[in-house]
Amino acid sequence: MALNPTEPKWSLRLPADCSIAAIRNVYELIREAFGRQERLEIDCSSVDKADVTSLQLLLSTAKTGQAQGRPVVLTAFSQSLRNTLRRAGFTSEAMIDQHFPQKKDGI
Amino acid sequence: MSAMDPTEIFRQEASELFEVLEGALLDLGQRPDDRELVDSAFRALHTIKGSGAMFGFDKVAAFTHEFETAFDRVRKGEIKPTQELISVALAAKDYIRALIEDPQSTDDIIGEAILDDLKRFVFPDQAAAPVAEMVAPPLVPVESKQAGWHLYLEFESHILRNGSNPLDLLEDLCKLGPCFVVPVTDGIPFLDEMEPEDCYLKWDVKLHAACDKDAIDDVFMFVSDEMKLTLSPLAHVEAPAPAPLFQLLDEEPAPMAAAPAPPVEAAAAPVAEQAVPKVEPKSEPKPEPKLEAKRDDRGIATVRVQAERLDELMDRVGELVIAQARLTQLASSGSDLSIKMIAEEIERLASSLRDTTMGARMVPIGSLFGRFRRLIHDLSRGLSKPVEFVTTGEDTELDKTMIECLADPLVHLIRNAIDHGIEDTATRSANGKTEQGRIELAAVHSGAQVLVTVKDNGGGLNTARIRAKAEEQGLIAAGAVLTDHEIHQFLFHPGFSTAQTISALSGRGVGMDVVKRTIENMRGSIDLSTRPGQGTTVTLRLPLTLAIIEGLLIRVGEGRYIIPLSAVEECIELTAEDERSRGRNFLNVRGNLVPFLRLREIMNASGAPDRHQKTIIISTGDTHVGLVADQIIGNHQTVIKSLSKLHSDVTMFSGATILGDGTAALILDVAQLVALAQSKVEKQHISEAA
């Protein structure tokens, strides 16, 4: 899990464990990245463990970005994250799009 | 104050939950129809599963999930919890415990075998089928006019920290029928305001199933105190029900891109609804009032504290009591009134602090009793002796150190009761008894003591055999006149056993002497009573605490000693007539002859004795003994200090304490003194007989 300044846009790759056991670390990292960058891309491809807290953190990140005019884009949802989204009721692409700003080519 | 390792916290919590689970399972064996027991077992399992997953014990979570799922049929009342099923469930519990406490000692094969056994009992017709498939109800086609329920789920913010997972609950809900779940995100805060472990999501659910409310309540039964559930009926569904969230719970959900079109369309309406966070659409009739389960705003009622910190606190309080005694003595020797007032105030506060601290160390003995239920269950099955285990007085509180020390003696006593006390079923039937034996474990407060009794309704002690064995071992002369009570005391002699054969449980003669020694080390005593053919009762008399006791301070020559006040019956003056009866050493106390010991002789006191000698009558059980001292000084708050290892062979004293003037006083070991007096009486009997 690290910020990568060499890419055109700063991206943050979420760690494999985004469950409640590790969510505070992820939270701190997102906050840190969020505070620094104008535009933030969050790569969700490595997420292996996700739960309600992971979804809430991504929702909050998107909400905060929107409110502050700092775009946040989520890319490459892992299968585990998709399963968790589905279990939580985000069953359709439309719903996911509404709540999680995705970079479509990244999926 | 160092933060505890979260994993260690989980282990501690799990340990308590295992006790609850084991207790519930064992009770279930006795009361298979008790719904509360099933719920209790499930709550424990559910929490172990949730917390296990949260703290990274994935194997624990996975196994417990399988266990929980298989046991679900019991919860639903579809099968009865038989003894075989309970035994397998207990084995499953042991396996989970091993996974948590010592994962290296476990093997997946064992877990699989246990689950196979569990399934064999739970699904006798489909033992080979995977559990999840069997539990999932068949999907019923949705009718166009099907009734259902509209639910709004709002969880307390801390629920995720407890290990509960709302997503699992949603899955359980979907087992009841086609579900349409819409997450409500309006409670999601901005990043800066967020506590990442809190729960902010809520859910709006339409359940298209004609199930009753109880079925829904069952889904949320373990979290009902920690959520707000708003439930209203969907009288008729005008539109065709949307596709269910899951076809089958264990089916791997298809990737979103491959999701069929209808759910996407179906999702649109509720999302729009979500903009107006109204839970109940006005179009829906409300024939029944909303069900709402909301937890009371409870403060933190208990705080988990490490046991060693309580010990440390007790030590500090002990030192404070000693310092306070010195202050009081100093103040009383002077004439400054204000110092005396302060000394009295500190004495009052120290006394109050001592009581509070000792209260904090008190633990209900029920926590100990619970352990023996499994022991009896296993022994009963192993020896093929059906035994009913009854406990009373579980709320009786005892110092935590005492509770820890009591475990081993009680294991010995209970093993003996089952192995030697309770007869086999054939003998019991032949003697007109019920086939099922009975063991009672009881605790009750009695003054400054706690009495713990182990009572069986077996055959009672065989006094003749004990006597024969004692004679064989040369402990008594053949034909010596002894009461039954005296003969029974040989059972506490090291290496004494009347068992014909040595079993895995008992018969080696190691046990009862250890029990006696342990109890006496705790400054307690042990009584034994038996009735032939009707059973045996062993009573342990224990002080409430091992840390600070009320003592009676006496003087013998120049030395000062403490007698535990709980053992003191009365104080009387040694009369001239008693003095004259030097050879016999008996007091006449209201018509009863009580042997007495002259402490001056035992302590080798120098100087002339006081003119008016005092006798303190002490007792252990039914035995009374008088101790003759020069002076009774008065009550004393006695902070017990252990004797050093150098004095480990000293038997007459159980410890020492520090007095107000800074000098030390030894604490008399009442049990040893009583034993000494009794042996003197016996010698006297023998010499008189000779």
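**Helix pair one.** I began with helix α10 (residues 307–333) and helix α11 (residues 337–360) of chain B, which pack at an angle of about 160° with their axes 9 Å apart. For the record, axes are lines fitted to C-alpha atoms, for helices over the stretch in contact, and angles run from 0 to 180 degrees between N-to-C directions. Helices here are DSSP runs of H or I with at least four residues, strands are runs of E with at least two, and both are numbered from the N terminus. The angle makes α10(B) roughly antiparallel to α11(B); the cut-offs are under 35 degrees for roughly parallel, over 145 for roughly antiparallel, 65 to 115 for roughly perpendicular, and oblique for the rest. I noted the crossing of α10(B) and α11(B) as left-handed, meaning that the near helix is turned anticlockwise from the far one by less than a right angle, with clockwise giving right-handed.

I then listed who meets whom: α10(B) brings residues including B:Leu313, B:Val317, B:Leu320 and B:Gln324, and α11(B) brings residues including B:Ala343, B:Ile346, B:Ala350 and B:Arg354. Contact means C-beta atoms, placed from the backbone, within 7 Å. By class I get 14 nonpolar, four polar and three charged residues for α10(B) with α11(B). The classes are Ala, Val, Leu, Ile, Met, Phe, Trp, Tyr, Cys and Pro as nonpolar, Asp, Glu, Lys and Arg as charged, and the others, Gly among them, as polar.

**Caveats.** This is a predicted model, so I kept in mind that local features need pLDDT of at least 70, side-chain atom pairs count only at pLDDT 80 or more, and totals for chains, interfaces and linings use all residues. Residues are numbered from 1 along each chain as its sequence is written, while chains are lettered from A and ligands numbered from 1 in the order in which they are written.

**Helix pair two.** Next I checked helix α12 (residues 366–382) and helix α13 (residues 400–421) of chain B, whose axes come within 10 Å and cross at roughly 25°. α12(B) and α13(B) are therefore roughly parallel, and their crossing is right-handed. Among the residues that meet are B:Leu368, B:Phe372 and B:Leu375 in α12(B) and B:Leu406, B:Leu410 and B:Ile414 in α13(B). The class count for α12(B) with α13(B) is twelve nonpolar, two polar and two charged.

**Sheet.** I also traced an open sheet of four antiparallel strands in chain B, ordered β2-β3-β1-β4. Pairing here requires that DSSP finds at least two bridges between two strands. The edges are β2 (179–184) and β4 (227–234) of chain B, each pairing on one side only. Neighbouring strands of the sheet are turned by 15° against each other on average, direction ignored. β1 (residues 148–155) of chain B pairs with β4(B) over eight bridges, and I found B:Leu151 opposite B:Leu231 in β4(B).

Is B:Leu17 buried or exposed? It is buried, because 21 C-beta neighbours lie inside 10 Å; the cut-offs are 20 or more other C-beta atoms within 10 Å for buried, 12 or fewer for exposed and partly exposed in between, with C-beta atoms placed from the backbone. B:Leu17 sits in helix α1 (residues 6–30) of chain B. Leaving out residues up to four places away in sequence, B:Leu17 touches B:Ala44, B:Thr47 and B:Ile48.

**Positive phi.** A:Ala76 is not a glycine, yet has a positive phi of about 50°. A:Ala76 lies in the loop between β4 (72–75) and α3 of chain A, and is partly exposed with 19 other C-beta atoms within 10 Å. B:Arg590, also not a glycine, has a positive phi of about 50°. I placed B:Arg590 in the loop between β15 (586–589) and β16 (592–598) of chain B; B:Arg590 counts as exposed, with 7 C-beta neighbours inside 10 Å.

**Between chains.** The contact takes 35 residues from chain A and 34 from chain B. On the side of chain A that touches chain B, α2(A) gives the largest share, eleven residues.

Conventions. Contact = placed C-beta atoms within 7 Å.
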